[in-house]
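Subject: Structure handover

Hello,

Here is the structure you are taking over. Please open it first, then read the notes below it.

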Amino acid sequence: MKKLTLIATCVALLMTSCVNEYNQITKLGDYTLKYEYAKQCYAQGKYSRAVPLLQEVVTMKKGSTEGEECLYMLAMSEFGMKDYETASEYFKKYFSSYPKGRYAENAKYYVGESLFQNAPEPRLDQSTTMTAIAAFQEYLDIFPDAHLKSQATSRLYALQDLLVEKEYKSARLYFDLGTYFGNCTNGGNNYEACIVTAQNALKDYPYSNRREEFASLVMKSKYELAKMSVESKQLERYQDAEDECYGFINEYPDSKERSLAEKYIEKCKEYEKAHPEDSLEKLAEN
């Protein structure tokens, strides 16, 4: 028990000593000493102590070798404290100030990494995600042989997956809303919105692992759209839905949705057979 008490006392004294030392350093006007102490705190991962010292010293050291290192450590310290927005701004500042500096490549990478860490979940606005993608792409363009190339490429794929997920959730929501018209303030309907959203995603993200799901939503929406259409548009839309179903089967022959596609084809053909006069009118128009 006495041993534990002694250890606790020693730790408390040591911590008090460190706090006193830090407080004394911050009060001094010796920027060289502050810089060296900030480097020590940074090396020890004491970022909350390093940041205020570095913020003070970086202006005084601007343009010097120490100023370059100071700005980079400040950016990395903010990153270590998980203040990613501030970190990204400091990394940008470093690269613009020292484009050929010792840490230029790392700084450029960490602009994207900071934004990546701050990227929102798919249901939220993806402006930060788009900015992060642009940052990593710029990093790869400037440093094609970068030592962090594989990490940057991996981050790009992950960020693109976020955008794909955002589009999928939007398309899926439109489909689930179905015949609900409360949100269709600009005309059209939810199935049309689903088709446009899913088709755009297929075009914009050709290598997405959600391709089959987007294609399925297009197929289902076209069929549902045909069912709910006014009579003058039904035949054309059933034919369009039928074509979509055949295209889906050709592209995804082993899909779990194949039986549904085949069922839709039968339904479309039933409608076409029940309205032969409409088919003849269409042929005459063409």
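First, the ground rules. This is a predicted model, in which local features need pLDDT of at least 70, side-chain atom pairs count only at pLDDT 80 or more, and totals for chains, interfaces and linings use all residues. Residues are numbered from 1 along each chain as its sequence is written, and side-chain values use heavy atoms, with hydrogens and water left out.

**The whole chain**

The protein chain has 13 helices and zero strands. Helices (H or I, at least four residues) and strands (E, at least two) are DSSP runs, numbered from the N terminus. Of the 286 residues, 41% count as buried. Buried means under 20% relative accessible area, exposed over 50%, and partly exposed in between (1.4 Å probe, protein chains only). Now the contacts, meaning heavy atoms within 4.5 Å. Take those in the chain with a separation of 6 or more: residues 24 or more positions apart account for 55% of them.

**Helix 6**

Helix 6 covers residues 104-117, which is 14 residues. From first C-alpha to last, helix 6 reaches 20 Å. That is close to the 20 Å expected at 1.5 Å a residue; the expected span is 1.5 Å times one less than the number of residues.

Helix 6 is mostly covered, with 11 of its 14 residues buried. Among them are Lys 108, Glu 113, Tyr 109, Val 111, Leu 115 and Phe 116. What covers the buried residues? The cover includes helix 4, helix 5 (84-97), helix 7 (127-142) and helix 8 (149-177).

**Helix 4 against helix 6**

Helix 4 and helix 6 pack at about 20°, with their axes 11 Å apart. Axes are lines fitted to C-alpha atoms, for helices over the stretch in contact, and angles run from 0 to 180 degrees between N-to-C directions. Helix 4 is therefore roughly parallel to helix 6. Angles under 35 degrees count as roughly parallel, over 145 as roughly antiparallel, 65 to 115 as roughly perpendicular and the rest as oblique.

Helix 4 passes helix 6 in a left-handed crossing. A crossing is left-handed if the near helix is turned anticlockwise from the far one by less than a right angle, and right-handed if clockwise. Helix 4 brings Tyr 72, Met 76 and Phe 79 to the contact. Helix 6 brings Asn 106, Ala 107, Tyr 110, Glu 113, Ser 114 and Gln 117. By class, that contact has five nonpolar, three polar and one charged residues. Ala, Val, Leu, Ile, Met, Phe, Trp, Tyr, Cys and Pro count as nonpolar, Asp, Glu, Lys and Arg as charged, and the others, Gly among them, as polar.

**Helix 8 against helix 9**

Helix 8 and helix 9 (residues 190-204) pack at about 160°, with axes 8 Å apart. So helix 8 is roughly antiparallel to helix 9. Helix 8 passes helix 9 in a left-handed crossing. The contact has nine nonpolar, three polar and one charged residues.

**Two lysines**

Lys 61 lies in the loop between helix 3 (47-60) and helix 4 (65-80). Lys 61 is buried, at a relative accessible area of 12%. Leaving aside neighbours within four places in sequence, Lys 61 is in contact with Tyr 31, Thr 32, Tyr 35, Glu 66 and Gly 67.

Lys 267 is in helix 12 (residues 258-274). Lys 267 is partly exposed, with a relative accessible area of 37%. Lys 267 and Glu 242 are 25 residues apart in sequence and 8.8 Å apart in space, C-alpha to C-alpha.

Best wishes
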